[in-house]
Amino acid sequence: MGKKRAQKDRGYITAKEHKEEWGGYKDKKRAPFQRLPFNCCAITFTPFEDPVCTEDGTVYDIVHVVPYVKKFGKHPVTGAPLELGDLIRLNYHKNADGEYACPVTSKVFTPHTHIAAVKTTGNVYSYDALEELCIKPKNWKDLLTEQPFTRKDIIHLQDPLNVSGRLISEFHHVKFDLAADDDDEAQGEGAALRNVNQDVQRALGALGTQEAADAFAADWRLTGPGKQNLPGFKPGAVTWDTDDYSTAAGVKQLQKAAAQKAAAAGGAAGAAAIAARPNPKAWYDEHHAQYKQSAFTTGGTARAFTSTIAVAQTKSERQLQLVERNPSKKGYLRLHTSLGDLNIELHCDIAPRTTENFIYLCEMGYYSDTVFHRSIKNFMIQGGDPTGTGLGGESIYGPTFKDELDSRLLHSGSGILSMANSGPGTNGSQFFITYRSAAHLNYKHSVFGRVVGGMEVLGLMERVTTDDEDRPLQEIKITGATIFTNPFQEMEQEQQQKQQEEQKQANAGQPGDPDSRRSSWFSNPGASNIAATQRTGVGKYIQQAALETAPGSSKPAAAATAAAAAAPEVASAPAAKKQKATQPMLNFDAW
């Protein structure tokens, strides 16, 4: 039974137990715990669209935090001084279901996930991925962009074991009831008119009466211009002046204008623009292509033998095969658009045919003044069609060429450059750039590059409003391209230099070359045009012409010739065998 058992086995409860465990009086100052969700803005407490954060890991929507900082200059949560330059842009990754997830481990973020971001790039990962792949192996490079960073650059956005700074009731703007939209209206409706005279106050007070409305309706001169049907305006996420069309009338009006522009581009103007562009295959064959004879014939001779309607052909001709260049280094170029520049790295060592097509289409100006005709948020943006309809475009190899699929090139992360097609082996000139990972496109579209600079420009493209057919309402145009590294052109130049050296070595043995006669008596005995004879005895290797023209010789040429003829055991060169006359192979001219 034990001692002091009566202290526990009692028929009543104490006042403290009744207060804390039962329905007694509760302290109203202790509010229930409310933690800010990881996907919500710390100012409005609503899900963010364009997230930014501070170094302490507090996340905001840039649309709401910029006016707050401009007005108060303080940290909304801690109340410390804050400037706009202290804000860090975040790049969240979404999976196919639209949920925030880690781009490396594909782990969906929950209120119990330890979430961290890299300050130098703004990419958001699960802390487990950074710990296993960066911290423990001391691989201090971003997992997506490979940009270097340090341990101090890791920002903890959500730590389940540390909830400090996440309690909503402790936020500075909540305690002091601060909001960016507070203005002079809080001081009273007549605060701005306190210094006007009584006549003005009486006139302004009568504006809202029925008598004033009747007076305005009677005289058209007192009626202002009608309300224009303009789209609403809302500050954008990055440029702070991006249009956000909130009214249905404004959206329909812009959709109609975009449709008319697209129709015009696909009509006479589009046809004229396409006709002005050079043919990609003809341009490539003229400037960079190199062909060689293959092991197969064209089959014209066989058709002439077996067909009565085929053109008569008596000589077999070999097929011409394109010489494929396979470089071992990457290519780099800059794509200029109307919203900014995109720096692109091309995988010329893994996908040589696709990258060669893209580089030379950029070099010939095939993409200049073309528009991105398709953009889907959280997916990709597509362009490269000179018609602007998504139905045109050719490659430098012809209308289409085959896919180049590799397990090292996948649609993982944003900024992946890949070819658009309508099925296997239908690549042309159209390409797309991903906004997010698209695993369902792996091994279906040829990945050949990635964006290594200008991710903020790609974010601007994603925020442009589109119509029902995913066509951007604001025209996004490619204005040109600058090629920095072209491995294919370098290989072409090396091959030309090699051919020139071989031609120079071949010309070195010609009779007109003075070097060909140097030391020919022992190193190049066949270089002389005089027929060689075989002799025995002393001086049998000396040529006859050298004996006849020896300097200081008192013998005349005839005597030298007679002495040479009188030399013992002189044998003439053996007669060459008679060759049989044969016709060229595969030539039926005499048939």
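Author: In this predicted model, a residue is called buried when its relative accessible area is under 20%, and exposed when that area is over 50%. By this rule, 33% of the 591 residues of the chain count as buried.

Reader: Which residues of strand 15 point one way, and which the other way?

Author: Strand 15 covers residues 380–383. Met380 and Gln382 point one way, Ile381 and Gly383 point the other way, and all are buried.

Reader: How many bridges join strand 15 to strand 17?

Author: Four bridges join them, and the two strands run antiparallel. The limit is at least two, so strand 15 also pairs with strand 17. Met380 has Thr434 of strand 17 as its bridge partner.

Reader: What is the order of the strands in the open sheet?

Author: Nine strands form the sheet, in the order 13-19-11-12-18-16-17-15-14, with antiparallel pairing. Within this order, strand 12 and strand 18 are joined by four bridges; Asn343 has Gly453 of strand 18 as its partner.

Reader: Why are strand 13 and strand 14 called edge strands?

Author: Strand 13, residues 370–371, and strand 14 each pair on one side only. The whole chain has 15 helices and 19 strands.

Reader: How do you know that Gly415 is buried?

Author: Gly415 has a relative accessible area of 0%, and the limit is under 20%, so Gly415 is buried. Gly415 lies in the loop between strand 15 and strand 16. Beyond its neighbours within four places in sequence, Gly415 is in contact with Ile433, Thr434, Gly449, Arg450, Val451, Met455 and Leu458. Gly415 and Met380 are 35 residues apart in sequence, while their C-alpha atoms are 8.8 Å apart in space. Across the chain, residues 24 or more positions apart account for 61% of the contacts with a separation of 6 or more.

Reader: What makes a group of residues a nonpolar core, and how many residues has the largest one?

Author: Members must be buried residues of the listed nonpolar kinds, joined through side-chain atoms within 4.5 Å. The largest such set has 41 residues, and those with the most contacts inside it are Leu346, Phe358, Phe431 and Met461. Helix 11 (352–363) and helix 12 (455–462) are among the elements that give two or more residues to this core. The largest share, five residues, comes from helix 11. Met461 touches Thr337, Leu339, Leu342, Phe372, Ser375, Ile381, Tyr435 and Ile476, residues up to four places away in sequence not being counted. A second, separate core has 25 residues, including Phe48, Cys102, Tyr125 and Phe149. In soluble globular proteins, nonpolar side chains tend to be buried together.

Reader: Why is Ser106 called exposed?

Author: Its relative accessible area is 55%, and exposed means over 50%, so Ser106 qualifies. Ser106 is placed in the loop between strand 5 (100–101) and strand 6 (115–118). Although Ser106 is not a glycine, its phi is positive, about 60°. Most residues other than glycine have a negative phi.

Reader: Is Lys138 buried or exposed?

Author: Lys138 has a relative accessible area of 66%; the limit is over 50%, so Lys138 is exposed. Lys138 lies in the loop between helix 3 (127–135) and strand 8 (154–158). Lys138 is not a glycine, yet has a positive phi of about 60°.

Terms used. Residues are numbered from 1 along each chain as its sequence is written. This is a predicted model: local features need pLDDT of at least 70, side-chain atom pairs count only at pLDDT 80 or more; totals for chains, interfaces and linings use all residues. Side-chain values use heavy atoms; hydrogens and water are left out. Buried means under 20% relative accessible area, exposed over 50%, partly exposed in between (1.4 Å probe, protein chains only). Contact means heavy atoms within 4.5 Å.
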